[in-house]
Amino acid sequence: MILKTLISQLLSRPATNQFPTKYMPRSVTKFLTRVQAGEDKVHPPVQVPARFRGKIGYDREKCIGCQLCIRVCPAKVIEFKPETKKIRMHVARCTFCAQCVDVCPTAALSLTAEFLLADTDRGSKNLIVE
Amino acid sequence: MSERNPKDPENPVLPGVEEEREVTLGGPERGLAEVFEVPIGPIHPALKEPIRLTFRVRGERIVGVQIRTGFAHRGIEFMGMRQGRNLVQVLYLSERICGICSVSHPIAFTQAVERAAGIEVPPRAQYIRVIISELERIHSHLLWAGVAAHELGFDTLLHLTWRVREKVLDILEELSGNRINYAIPIFGGVRRDITPEQYPKVWEAIRYYRGLLEQLLDAFLRDPTVEARTRGVGVLERKEAEGLCAVGPTARASGLRKDVRQDRPYLAYSDFQVRAITPKDYGLTPVGDVYDKIVVRLLEVGQSLDIIEKALENMPEGEITSFPKIPALLAHLKKAEGEGLGWHEAPRGEVIHYVRLAAGDESLLVWKVKAPTYSNLLSWYPMFEDQEIADIPIIAACIDPCICCMDRVYIVRDGKEEAWTKEGLLRLSWEKTRRLQR
């Protein structure tokens, strides 16, 4: 059994997806600028399943300001802005249970496949949805 | 039933182990008579979670152990009761009691609330809950088997087991949307249905594990290294398991046919005729050592596959929740009054949730969680008795401890540890009852 496994492992491709590049670039910022210039390219991540609960997407036009999402959110992610009757979400607190998406009566909230949410600043643009 | 005693030197099954111990530990050498204390923890490289074990050792042999918990109490019950959370919010809090049994706690909690509020669960939702919880059992047992192999210093087996485990996590991600913290149960049903496109993927995973299970059993149970390290180590005898109220695979490895799915079937489990697995099902006499615990857990992977197969074949059609609209559910729960108990056989053993709801109040009045490790922790005392220091990691790991799930408050006042006596606890309980009745 070991020999069979060994040979099949030798012949098969590695299971690891080389994301975002095959080798660690010496300078990440330089690599990113080269990607933007089209000189280098990023290996795509593994496809997430259809039901994947990633960063919550928000459609401002559809929102009616009913505040139901605020009532069910277990992590107090959602902040209500009374002047515009819209919401602001602090994704850094989100537990990705997607209960707000289920409860939304107008489907203003949606699930996205985005999962690259690492950041050093909780208030960065990537982590605030409004 | 004739149970053989592994400590008996005349036992024909374990002659090598006993002889070896005599050589390494016997003899009236100087220093061996002295008893040393070896503290391990609360923070220690060999421990995954904070707990303090103080061993008293004579030479290499353990003569006594003292267990102290209380380093990782998170106050989840308190958070669920006192902070103005409604029940839907507390549901996701209950999911985070344990990362590995992350559907067991919500299943027990939703059952408790459903009993208290008188909510019916549609049959299809019950089946989906069963399928998810059995998939979780597969992933948890394979995870444990890998950890056990690692604690034995057999890292090849760890990587083999965890490679195999990936498949069930992929299926759970496909069905629920996340590898861990599935967020599947909700009061009155489940949140995600199993669609016709998903059935073939689950069937494929079942076939994958059916093919691999025999290989896994072979790799673990017919391996001389694993057998030498686990046979006769960490023995929990049947009588001790009964007396200390051990639950789950820890009790079943000692020969107790104890399983909540068999004793008090809940959800759709009565349809599957679950029978608690003991080493007897593998043709062994139950000893209660670590080897038996490996046997029981690996056989339970096969049992879970059987249950998932039956559930997929007999899946009833219909609604997946009796409250499709969450606001209606919240309104119903606000009106509800009463108390309820929910139980579930988590991969580690029986988990119990008790809730009490008050009419007109959105949040919980009382929430009590009993995680399986709480019952199993005491079985460490007989298991560690007369063992060697080198076997501490595997004995500690063999009950599959989850310290944070079960941790309780530990009172230290003026540098002194305080313990509640039976009378003190009784008085506290009277006071609480009076406060609740007011």
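**Note on a two-chain predicted model**

1. Apart from its neighbours within four places in sequence, Tyr269(B) is in contact with Val130(B), Arg261(B) and Val274(B); two residues are in contact if their C-beta atoms, placed from the backbone, lie within 7 Å. Tyr269(B) sits in the loop between α11 (260–263) and α12 (290–313) of chain B. Helices (H or I, at least four residues) and strands (E, at least two) are DSSP runs, numbered from the N terminus. Tyr269(B) counts as buried because it has 23 C-beta neighbours inside 10 Å. A residue is buried if 20 or more other C-beta atoms lie within 10 Å of its own, exposed if 12 or fewer, and partly exposed in between, with C-beta atoms placed from the backbone. Between the C-alpha atoms of Tyr269(B) and Ile307(B), 38 residues apart along the chain, the separation is 8.7 Å.

2. On conventions, this is a predicted model, in which local features need pLDDT of at least 70 and side-chain atom pairs count only at pLDDT 80 or more, while totals for chains, interfaces and linings use all residues. Residues are numbered from 1 along each chain as its sequence is written, and chains are lettered from A and ligands numbered from 1 in the order in which they are written.

3. Chain B is assigned domain 1 (15–71 + 376–437) and domain 2 (76–375), the bounds coming from an automatic or database domain assignment. The C-alpha centres of domain 1 of chain B and domain 2 of chain B are 26 Å apart. Their contact draws 21 residues from domain 1 of chain B and 32 residues from domain 2 of chain B. On the side of domain 1 of chain B that touches domain 2 of chain B, α15 (380–384), α16 (392–398) and α17 (403–406) of chain B each supply at least two residues, and α16(B) gives the most, with five residues. The residues of this side of domain 1 of chain B comprise 16 nonpolar, three polar and two charged. Here Ala, Val, Leu, Ile, Met, Phe, Trp, Tyr, Cys and Pro count as nonpolar, Asp, Glu, Lys and Arg as charged, and the others, Gly among them, as polar.

4. Helix α5 (residues 123–151) of chain B has 29 residues, so at 1.5 Å a residue it should span 42 Å; its end C-alpha atoms are 42 Å apart, which agrees. The expected span is 1.5 Å times one less than the number of residues. Of the 29 residues of α5(B), 25 are buried, and the helix is mostly covered. After α5(B) comes Gly153(B), with a positive phi near 80 degrees.

5. The largest nonpolar core has 138 residues, of which Cys69(A), Cys100(A), Ala148(B), Ala371(B) and Ile395(B) touch the most other members. Such a core is a set of buried Ala, Val, Leu, Ile, Met, Phe, Trp, Tyr and Cys residues joined through C-beta atoms within 7 Å. Helix α5(B) gives the most to this core, with 13 residues. Not counting residues up to four places away in sequence, Cys100(A) touches Ile56(A), Cys69(A), Val72(A), Cys73(A), Ile78(A) and Leu109(A).

6. Strands β2 (residues 52–58) and β3 (residues 61–68) of chain B pair in the antiparallel sense over seven bridges; pairing requires that DSSP find at least two bridges between two strands. Phe55(B) stands opposite Val65(B) in β3(B). The hairpin of β2(B) and β3(B) has two residues between the strands, and in it Gly59(B) takes a positive phi near 65 degrees. Strands β7 (residues 349–357) and β8 (residues 364–370) of chain B run antiparallel and are joined by six bridges. The bridge partner of His353(B) in β8(B) is Val369(B). With six residues between its strands, the hairpin of β7(B) and β8(B) contains Gly360(B), whose phi is positive, near 80 degrees.

7. Ala98(A) is not a glycine, yet has a positive phi of about 65 degrees; Ala98(A) lies in the loop between β3 (86–90) and α4 (99–103) of chain A. Is Ala98(A) buried or exposed? Ala98(A) is buried, because 22 other C-beta atoms lie within 10 Å. Asn181(B), also not a glycine, has a positive phi near 60 degrees and lies in the loop between α6 and β4 (185–186) of chain B. With 19 other C-beta atoms within 10 Å, Asn181(B) is partly exposed.
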